[in-house]
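Biologist: Let us go through this model together. I will ask, and you answer from the coordinates.

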Amino acid sequence: MLVKTFGSAVYGVEAINITIEVNVCEGQGYFLVGLPDGAIKESQQRIDSAIKSNGFRMPRIKIVVNMAPADIKKSGSAFDLPIAIGILGASEQIENADALKDYVIMGELSLDGAIQPIKGALPIAIQARKEGFKGLIVPKANAREAGMVNNLAVYGVTHLQEVIDFFADENSLKSVDVNTREEFFNSQYQFELDFTDVKGQENIKRALEIAAAGGHNAILIGPPGAGKTMLAKRLPTVLPPLSLQEALETTKIHSVAGKLPENASLINKRPFRSPHHTISDVALVGGGGVPQPGEISLAHNGVLFLDELPEFKRTVLEVMRQPMEERRVTISRAKIALDFPANFMLIASMNPCPCGYYNHPEKECTCPPGTVQKYLNKISGPLLDRIDLHVEVTPVSFTELSNIAKGEPSSAIRERVIKAREIQTLRYKDTPGTYANAQMSSKQLREICVINQAGEGLLKKAMERLNLSARAYDRILKVSRTIADLAGNAEIKVEHLAEAIQYRSLDREGWAG
């Protein structure tokens, strides 16, 4: 007898439905075709044990399993459950096998029939709804994640027997009910960290507020213990809240990477990713035998924090350049090319020199001559070109540390950032893909960042006196536009330009002696 069940394969952040045809006929042997990988080929032993452990029989005649479309490579152990149900249906051990065509089934089987969690349940559910299936059967640990998709019945199961009983009586399982919107909006502003904990560092808080308001990349330069990491970790608390569409995109990426916790719902806060400096190129941008999203994609719609930037391998930093411009990364293989979104804010931190005390107000730098410049040269010019704000962080004095008064809370800063972002949303409403000042094209820069004669004079003088490079010019204009938005001004004033100019430390010739 020939029976068809339906599964799903995840490629990139999208899913493709897979038809699993099982034919039990005269002959001998077990044949699995349709470009399965090693994990799927090994499923025979898991399926055989799970079926027998639950009092059913594994047919001892010829079994042919075809996974269509047959020219696409399938991978992973999540096809165990649909293959097992297909074999039981084809050998007439399941009642109402006709109902199999209405459901997408996914899950990894244990030898005793228990069902293990899978990756990518959210994109699988989205595709199942798109193709008009009545329901989706997934491991219970993934049920809430898949249940975020409306107008699709999602059933969470823990054992093979539950699935068999379900097809005998569809009322034996209850579909998962997730109130996505209520859960999403209720916990959007619940943060463990807050800027109110930070003593002093008002100028750094201001710089991060500007970065958040305009979507600008920033680098924090200062000695050890000055608070660079502490400040960077609090940046997501002042960013505008995720929209439902952004949350869905972010959750899909984390689902595909298997990074969602058990019984997770929509990600409701902007991600903050902080990879160690020993990270490889593939781990940062994505890839592998079966391409998986990297750290830059896991930071999509959030913040990527690179602590001790010069310690990262040069090749690792260079592969980020194109994704930072295009806001996506394309992983190409011989037969397939996958796109992963990578729209993130880069926040980096570094010591000014190997010993950490160059330009320190109290401690003396012990680095030999030329070492500081050599240290800075570890970061390439093209990468620095994509960083708008260079912020010098100085140590906090004892007076500020011992002050019992609390600083400005993140909520107050976030309100100002949201207002500035609303101005930018209106400004770029006719430009698809541009939503913040940091993403302005050269043409838009000339139209939007018009400065008066006094401003031009200041900028000319600054570039001559501070020996600022040509690449600093555009960055200063973009940042000054954001500062004007925060102030609610339609025009860029001299004071906005003056503030923007001070955030170009690394562009000054001779900064490192």
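Biologist: Which residue in E4 stands opposite isoleucine 20?

Modeller: This is a predicted model, where local features need pLDDT of at least 70 and side-chain atom pairs pLDDT 80 or more, while totals for chains, interfaces and linings use all residues. Residues are numbered from 1 along each chain as its sequence is written, and side-chain values use heavy atoms, leaving out hydrogens and water. Strands (DSSP runs of E, at least two residues) and helices (runs of H or I, at least four) are numbered from the N terminus. E2 pairs with strand E4 (residues 62-68) in the antiparallel sense, and opposite isoleucine 20 stands methionine 67.

Biologist: How many bridges join E1 to E2?

Modeller: Two strands pair if DSSP finds at least two bridges between them. E1 and E2 form a hairpin with two residues between them, and glycine 12 in the turn has a positive phi of about 65 degrees. The strands run antiparallel, and the number of bridges is ten.

Biologist: Which helix gives the largest share of the lining of the largest pocket?

Modeller: A pocket is an open set of points on a 1 Å grid over the protein atoms alone, where a 1.4 Å probe fits, with protein on both sides within 12 Å along at least five of seven lines; lining residues have an atom within 4 Å of a point. The largest pocket holds about 930 Å³ of space, and 38 residues line it, with Arg327, Asn343, Tyr435, Ala436 and Gln439 the closest to its centre. Helices H14 (321-326), H18 (410-427), H19 (442-448) and H21 (471-487) each supply at least two lining residues. The largest share, four residues, comes from H18.

Biologist: With which side chain does the side chain of tyrosine 435 make a polar contact?

Modeller: Leaving aside neighbours within four places in sequence, tyrosine 435 is in contact with Asn343, Arg421, Gln424, Thr425 and Tyr428, where contact means heavy atoms within 4.5 Å. A polar contact is a pair of N or O atoms within 3.5 Å; within protein, one must be able to donate a hydrogen and the other to accept it, and residues adjacent in sequence count only if both atoms are side-chain atoms. At 3.5 Å, the partner side chain is that of asparagine 343.

Note on methods. Grid points are joined across faces, edges and corners, and a volume is the space filled by probe spheres set on the points.
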